[in-house]
Amino acid sequence: MSSDCIFCKIVNKEIPSNFIFENDKVIAFNDLNPQAPVHFLVIPKKHYSSLNDIDSKEAFADIFSAIPEITKKLEIKEYRTVVNTGESAGQTVFHIHVHVMAGRKFDWPAG
Ligand code: 5GP
Ligand code: ZN
């Protein structure tokens with residue numbers, strides 16, 4: 001828990017957010033500023049600033065294994081996943097999160 005982290009506040013329900021998924025390790029909730037018809041974020045309950053700070057294979061597994069579990073429930077078969085790491089890569093919230101977006105065509109390479 002990082003006391004000034006907005007996503008820790010969401011985990012701790014200090015900031016209201018509708019969880020679309022929760023287990024003992026991760027939560028998922030819709031992005032405040034969606035970039036696609038479906039756009040949610042998957043985050044670990046434990047605070048890690050970025051991908052660079054993850055310290056165990058279990059933490060990766062916890063985050064990424066939740067994604068197909070959620071998309072299956074939402075009946076989404078095709079989707080874009082994005083992890084921005086560091087400011088120049090577009091990271092604005094320093095609690096690791098995976099963007100999951102669907103419902104439109106995505107260009108490649110990403111801008
Ligand atoms: P980043 O730019 O760090 O990869 O992504 C951060 C994302 O978090 C952005 O897409 C932004 O819209 C989203 N976001 C920032 N603050 C909040 C919030 O308070 N609630 C929700 N649901 N999303 C947020
Ligand atoms: Zn945090």
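Me: Is Cys8 buried or exposed?
Reply: In this predicted model, Cys8 is buried, with a relative accessible area of 1%. Burial here means a value under 20%.

Me: Which protein atoms are the donors of the zinc ion (ligand 2)?
Reply: Cys8 contributes its SG atom, and the other donors are Cys5 (SG), His47 (ND1) and His95 (ND1). They lie 2.0 to 2.3 Å from the zinc ion.

Me: Why is the arrangement of those four donor atoms called tetrahedral?
Reply: The donor atoms subtend angles of 106 to 116° around the zinc ion, and the arrangement is therefore tetrahedral. The criterion for four donors is that all angles lie between 85 and 135 degrees.

Me: What spacing do the donors follow along the chain?
Reply: The pattern is C-x2-C-x38-H-x47-H.

Me: And where do Cys8 and His47 lie?
Reply: Cys8 belongs to helix 1 (residues 6–11), whereas His47 sits in the loop between strand 3 (38–44) and helix 2 (57–74). The pair therefore ties together parts that are 39 residues apart in sequence.

Me: Changing topic to ligand 1: which residues come nearest?
Reply: There are 16 residues around ligand 1, of which Asp31, Asn84, Gly90, Thr92 and His99 come nearest.

Me: What lies 2.8 Å from an oxygen atom of ligand 1?
Reply: That is a polar side-chain atom of Asn84. His97 also places a polar side-chain atom 2.9 Å from a ligand 1 oxygen atom. For Val93, a backbone N or O atom lies 3.0 Å from an oxygen atom of the ligand.

Me: How much of the accessible area of ligand 1 does the protein cover?
Reply: The protein covers 83% of the 520 Å² that ligand 1 has on its own.

Conventions. Residues are numbered from 1 along each chain as its sequence is written. Chains are lettered from A and ligands numbered from 1 in the order in which they are written. This is a predicted model: local features need pLDDT of at least 70, side-chain atom pairs count only at pLDDT 80 or more; totals for chains, interfaces and linings use all residues. Side-chain values use heavy atoms; hydrogens and water are left out. Donors are N, O and S atoms within 2.8 Å of the metal (3.2 Å for Na, K and Ca); water is not among the atoms, so sites may look incomplete. Four donors count as tetrahedral if all angles lie between 85 and 135 degrees; four count as square planar and six as octahedral if opposite donors are over 155 degrees apart and all others between 65 and 115; anything else is irregular. Helices (H or I, at least four residues) and strands (E, at least two) are DSSP runs, numbered from the N terminus. Buried means under 20% relative accessible area, exposed over 50%, partly exposed in between (1.4 Å probe, protein chains only). A residue is near a molecule or strand if one of its heavy atoms lies within 4 Å of it. A polar contact is a pair of N or O atoms within 3.5 Å; within protein, one must be able to donate a hydrogen and the other to accept it, and residues adjacent in sequence count only if both atoms are side-chain atoms. Accessible areas come from the Shrake-Rupley method with a 1.4 Å probe; for residues, only the protein chains shown count as cover.
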